[in-house]
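User: I have a structure to look at and would like to know how its labels are decided. Please go through them one by one.

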Amino acid sequence: MLKKIIFSLIILFSSSVFADESAIVDKADNGFMMICTALVLFMSVPGIALFYGGLLRSKNVLSMLSQVLVIFSLIAVLWITYGYSLSFGEGNWFYGNFNHFLLTGIGITDVSGSIYEFIWVAFQGSFACITCCLIPGAFAERIRFSAVLIFMVLWFTFSYIPMAHMVWGGGILADEGALDFAGGTVVHINAAIAGIIGAYLIKNRIGYNREPLKPFNLPYVYLGAAILYIGWFGFNAGSSTHADEIAGLAFINTVAATAAAVLAWTLAEWLLRGKPSCLGSVSGVIAGLVGVTPAAGLVGVGGAMLIGLICGFAGVWGVSTLKRILKVDDTCDVFGVHGVCGIVGCILTGIFASESFGGVGYAEGITMISQVGIQVMSVITCVIWTAVVAFIAYKIADICVGLRVSEEHEREGLDINSHGESAFNS
């Protein structure tokens, strides 16, 4: 009799545990987030690799492919080791803690929201990886491979992690009410500023503005951009963390903003240069995607379309007029597109999040003017923080191994001199 009672209590207890878990864990959300994570990983390798690789000269394409893959792998290891814990653990305004060092303390049934925590770790890790992979496009074709890796370890630790914590992990910008749905500050502005600081410190490529340095393979660029476009739906919709109406809003806003930006860039180029180029249209894709990232789940469809339209024109200005003003050899226009459109998108999020424009509205007591002020403050914080960290990190890498390859190696190409191989052997 006693055994039956004990057995019944065990069954009752077990049933209550599983009932609670089933009420918390949403299998649809888990499946959705795994797909979104895979899409973001797809954006880095091969998306960014092909997009950047095609923009370079053929003698340097393998160096870019190698940098993207190895940076991706390096950051994935660092994210698991301490990045996740410091980004999303409880801590101060700038950092979390080491409670989940090497993901200790996280079990396979532990839950974050409605999904298993390991899926959340992987999703956020994919953001960290792609952010770091964006940076080398700014100083491609002239940096030492070892210098890139040293820089990435330092910049990831002292710039990406604190920015992620400040915005998404309960840090100071989250407390201030900054709106960044999927990474306008954390990803795009953060990476763009780091990239342009590197371009200045490493200096221009040999022959820049004196001889043609044309992309060797525009179909690669087109294919890379197409992969980024597809993957971005995981980037933006996945930031909802649920297969819900906000994910649906982010999804349609990604379509609307990107389409508007392509048309804006194409029109601007047509008017300015007399011919609309394929490279321009492809650049419009990236401009629209970057611009809508901070706003994707916060603004209405009309607002998203206007953001895309404005970012399309802003991107053209960024890669032409602003680039000439800055006098910097930003090889793949990382700052001109990700920086300019990221800043524009972040600020416009503060406007179009208003319910009067079809957005989700502001927090209690917040007006449009005050929200725009918060957005500007978050942009300035990101720019200053990442610029200082990047400058110091580059200087450390320069002291350790030197930033730039020799003139002879640069002329011959990084594929042969840094990696001992050629992309095209005839």
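Analyst: What follows sets values against their cut-offs. The model is predicted, so local features need pLDDT of at least 70 and side-chain atom pairs count only at pLDDT 80 or more, while totals for chains, interfaces and linings use all residues. Residues are numbered from 1 along each chain as its sequence is written, and side-chain values use heavy atoms, with hydrogens and water left out.

User: How do you know how confident the predictor is in the protein chain?

Analyst: The score is pLDDT, the predictor's confidence in each residue, from 0 to 100. The protein chain averages 94, and 94% of the residues score at least 70. Over residues 1–23, however, the pLDDT is below 50, and this stretch has 2 contacts in the model beyond near neighbours in sequence. A contact means heavy atoms within 4.5 Å. Where pLDDT is low, the predicted coordinates should not be read in detail.

User: What makes a stretch count as a helix or a strand?

Analyst: Both are DSSP runs, numbered from the N terminus: helices are H or I with at least four residues, strands are E with at least two. The protein chain has 16 helices and 2 strands by that count.

User: Which radius of gyration would a compact globule have, and what does the protein chain have?

Analyst: The radius is taken over C-alpha atoms, and the globule rule is 2.2 Å times the number of residues to the power 0.38. For 426 residues the rule gives a value near 22 Å; the protein chain has 23 Å, so the two agree. Along the principal axes, the C-alpha atoms fill a box of roughly 90 × 50 × 40 Å.

User: Why is Thr349 called buried?

Analyst: Buried means under 20% relative accessible area, exposed means over 50%, and partly exposed is in between (1.4 Å probe, protein chains only). Thr349 has 0%, so Thr349 is buried. Thr349 lies in helix H13, residues 334–352. Leaving aside neighbours within four places in sequence, its contacts are Leu179, Pro294, Ala295, Leu298, Val299 and Gln375.

User: Why is Ile380 called partly exposed?

Analyst: Its relative accessible area is 44%, so Ile380 falls in the middle class. Ile380 belongs to helix H14, residues 368–400. Across the protein chain, 55% of the 426 residues count as buried.

User: What makes the phi of Leu103 worth a remark?

Analyst: Most residues other than glycine have a negative phi, and most peptide bonds are trans. Leu103 is not a glycine, yet its phi is positive, about 60 degrees. Leu102 also has a positive phi, near 55 degrees. Leu102 is in the loop between helix H3 (61–88) and strand E1 (111–112), and Leu103 lies in the loop between H3 and E1. With a relative accessible area of 13%, Leu103 is buried.

User: Which peptide bond is cis, and how do you know?

Analyst: The bond from Val45 to Pro46 is cis, with omega near 20 degrees. Pro46 is in helix H2, residues 27–55.
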